Amino acid sequence: MSDDSLQNLIKRLGKLPGLGPRSAQRAALALIKNKERDMLPLARALYDVAHYYKPCVQCNNLTELDKCLICNDPRRDENRLCVVEDVSDLWAMERAGVFQGKYFVLGGNLNIMDGRGPTELGIEKLVSYVTSISALHNACEIILATSATVEGQTTAHYIAERLEGLSVTLSRLAHGVPVGGELNYLDDGTLALAMKARTPVG
Ligand SMILES: [Zn+2]
């Protein structure tokens with residue numbers, strides 16, 4: 001039907017979230033038809049992001065700089081930190097425009113079966129970040145905005161335990177987050193309510 005490089009492209013496209021083998025084939029053929037307009041710019045964009053984007057040294061947000069724009073923004077509250085599972089959750093919070101503090105991106109939730117333990121999530125980096133801001137500010141709030149799944153709840157409990165003894169207030173997103181809900185899928189209004197109605201932990 002076609003040579004190896006095209007099959008390889010289709011196979012790789014088919015592994016992307018939301019794309020099965022048939023849509024991967026459609027996408028590959030569409031790209032070939034519009035080589036100059038779509039395919040080469042896409043190849044360039046993939047190359048650029050692969051080479052220049054990396055996790056922010058402070059919060060794990062994706063950035064081309066050492067520290068991301070949010071961490072570098074002096075207008076954002078240093079003493080409020082929102083802990084999210086993924087960069088997509090950070091984007092959802094920013095879209096909703098409900099939070100003016102800083103973030104910490106875990107990169108997932110605790111799931112030993114899938115090989116994600118405290119080390120993989122960089123919990124130590126979070127603990128030392130929170131330790132440093134709690135030493136600088138009298139009133140610190142850490143919002144544990146992990147998803148309302150069993151793994152998300154387990155992750156929040158684990159972090160709460162690890163932060164015990166530090167002078168910080170812990171809270172959780174509350175009403176409006178459906179059980180099993182992931183932040184990224186919430187509409188802005190629901191997310192805004194959840195942030196507003198956050199509840200203390202412990
Ligand atoms: Zn950052």
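Analyst: Start with helix 1 (residues 4-14) and helix 2 (residues 21-33): in this predicted model, they pack at an angle of about 125°, and their axes are 8 Å apart. That angle falls in neither the roughly perpendicular range of 65 to 115 nor the roughly antiparallel one over 145, so helix 1 and helix 2 count as oblique to each other. The crossing of helix 1 past helix 2 is right-handed. Who does the touching? On the helix 1 side you'll find L6, L9, I10, L13 and G14, and they meet P21, A24, Q25, A27 and A28 of helix 2. Sorted by class, that contact comes to eight nonpolar residues, two polar ones and no charged ones.

The open sheet has five strands in the order 4-3-5-6-7, and the pairing is mixed. Strand 4 (102-105) and strand 7 (199-200) are at the edges with a single partner strand each, so one side of each has no neighbour in the sheet. Helix 6 (residues 123-136) packs on the sheet and touches strand 3, strand 4 and strand 5. Its direction makes about 170° with that of strand 3. Helix 7 (residues 150-162) packs on the sheet too, touching strand 3, strand 5 and strand 6 (169-172), and the angle between its direction and that of strand 5 is about 155°.

As background, strands in a sheet pair through backbone hydrogen bonds, in either a parallel or an antiparallel way. Strand 3 (residues 80-84) runs parallel to strand 5 (residues 141-144), and four bridges join them. Two pairs to click on are V83, whose bridge partner in strand 5 is L144, and L81, which stands opposite I142. Strand 3 also pairs with strand 4 in the parallel sense, over four bridges, and there V84 stands opposite V105.

How covered is strand 3? Five of its five residues are buried. In a regular strand, side chains alternate between the two faces of the sheet. Here R80, C82 and V84 are on one side, L81 and V83 are on the other, and all of them are buried.

Zoom in on L81, which lies in strand 3. A residue needs 20 or more other C-beta atoms within 10 Å to be called buried, and L81 has 23, so it is buried. Leaving out residues up to four places away in sequence, L81 touches G101, K102, Y103, F104, V130, I133 and I142. Of these, I142 is the residue opposite L81 in strand 5. A92, on the other hand, is eleven residues along the chain from L81, and their C-alpha atoms are separated by 15 Å.

One last stop: N60, in the loop between strand 1 (54-55) and strand 2 (62-63). N60 isn't a glycine, yet its phi is positive, at about 75°. With 24 C-beta neighbours inside 10 Å, N60 counts as buried, even though its place is in a loop.

How values were computed
Residues numbered from 1 in each chain as written. Predicted model: local features only at pLDDT ≥ 70, side-chain atom pairs only at ≥ 80, totals over all residues. Pairing = 2+ DSSP bridges. Contact = placed C-beta atoms within 7 Å. Axes fitted to C-alpha atoms, helices over the stretch in contact; angles between N-to-C directions. Parallel < 35°, antiparallel > 145°, perpendicular 65-115°, else oblique. Left-handed = near helix turned anticlockwise from the far one by under 90°. Nonpolar A, V, L, I, M, F, W, Y, C, P; charged D, E, K, R; others polar. Buried ≥ 20, exposed ≤ 12 C-beta atoms within 10 Å, placed from the backbone.
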